[in-house]
Amino acid sequence: AEAPCALIELETPGEASVLGCEPALTSAPVTAIWMEAESFTLESGTAPTTGDWCAQGGFSGGKHLMAGWGAVLRYTVSLPTAGKWVIWGRYAADTPRSSKLSFDAAVVNATAFAGTSGGWCGPKAKWEIGATVDVAAAGTHALDLQTTAQDFTFSHFDALMLVNSRAYTPPAKWAAGAGYS
């Protein structure tokens, strides 16, 4: 018999779709809120460029952001519930470049997403946890991604995802035209 599962819903502006299921840890569904890295509001610094630098595909939406000298990027997210939310980032990097991650103006990780993925191109992109935040109330929140003093530019950022389950891991690879596989 298969293990019971909880639906995992991916919320995007104006729609929700099922990603799959995970063994049910609770009766509550797992919600994942997706944000394309290029859907930011520039708070300060130089706006990063967007595109597919390698032209090899593998990035959701066909592009990623890069550079952004001294940039602070703001993502506005509407969370349906209070509680613990895990902030994931998907990026490609051949050399480490950290980013400062803030949630509602509080720094939650001063050196987030500082790893490498084995290359700069989409097929090498990986997901990494940036932080877990304890959200006091449902509603609109601000997530800021900032280049750091030691790494004054971003890795090739593809997407950010907030998930209300520590047990959920995003799928590893983007299949062009078909979503994640």
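**A walk through a chain of strands**

F103 belongs to strand β9 (residues 99-103), which is joined to β12 (residues 139-147) by five bridges, and the two strands run antiparallel. Two strands pair here if DSSP finds at least two bridges between them. In general, the strands of a sheet pair through backbone hydrogen bonds, either parallel or antiparallel.

Before going on, a word about the model. It is predicted, with local features needing a pLDDT of at least 70 and side-chain atom pairs counting only at pLDDT 80 or more, while totals for chains, interfaces and linings use all residues. Residues are numbered from 1 along each chain as its sequence is written, and side-chain values use heavy atoms, with hydrogens and water left out.

Now step back to the whole chain. How many helices and strands does the chain have? There are zero helices and 15 strands. Both are DSSP runs numbered from the N terminus: H or I over at least four residues for helices, E over at least two for strands. Of the 181 residues, 45% count as buried; that label means under 20% relative accessible area, while exposed means over 50% and partly exposed lies in between, using a 1.4 Å probe and protein chains only. Taking contacts in the chain with a separation of 6 or more, 69% come from residues 24 or more positions apart, where contact means heavy atoms within 4.5 Å.

Back to β9 and β12, which take part in an open sheet of five strands in the order β4-β7-β12-β9-β10, with antiparallel pairing. The strands β4 (41-44) and β10 (106-112) stand at the edges with a single partner strand each, so one side of each is left without a neighbour in the sheet. From one strand to the next, the twist averages 25° (axes are lines fitted to C-alpha atoms, for helices over the stretch in contact, and angles run from 0 to 180 degrees between N-to-C directions).

Next come the charged side chains. The structure holds four salt bridges, each a side-chain nitrogen of Lys or Arg within 4 Å of a carboxyl oxygen of Asp or Glu. One of them joins R74 and D144 at 2.5 Å, N to O. This pair links distant parts of the chain, with R74 in strand β7 (residues 72-79) and D144 in strand β12, 70 residues apart. R74 counts as partly exposed because its relative accessibility is 26%, whereas D144, at 10%, counts as buried. Another salt bridge has R90 and D158 as partners, their closest N and O atoms 2.6 Å apart. Here R90 lies in strand β8 (residues 83-92) and D158 in strand β13 (residues 154-163), 68 residues apart. Both R90 and D158 are buried.

Finally, look at the aromatic rings. Such a pair is described by the distance of the centres and the angle of the planes. The whole structure contains four aromatic pairs: rings of Phe, Tyr and Trp (its six-membered ring) with centres within 6.5 Å, called stacked with planes under 30 degrees apart, edge-to-face over 60 and tilted for the rest. W34 and W127 make an edge-to-face pair, at 5.7 Å centre to centre and 70° between the planes. W34 sits in strand β3 (residues 30-36) and W127 in strand β11 (residues 126-135), so the pair ties together parts that are 93 residues apart in sequence. W34 and W127 are both buried. Elsewhere, Y91, F113 and F157 form one aromatic cluster.
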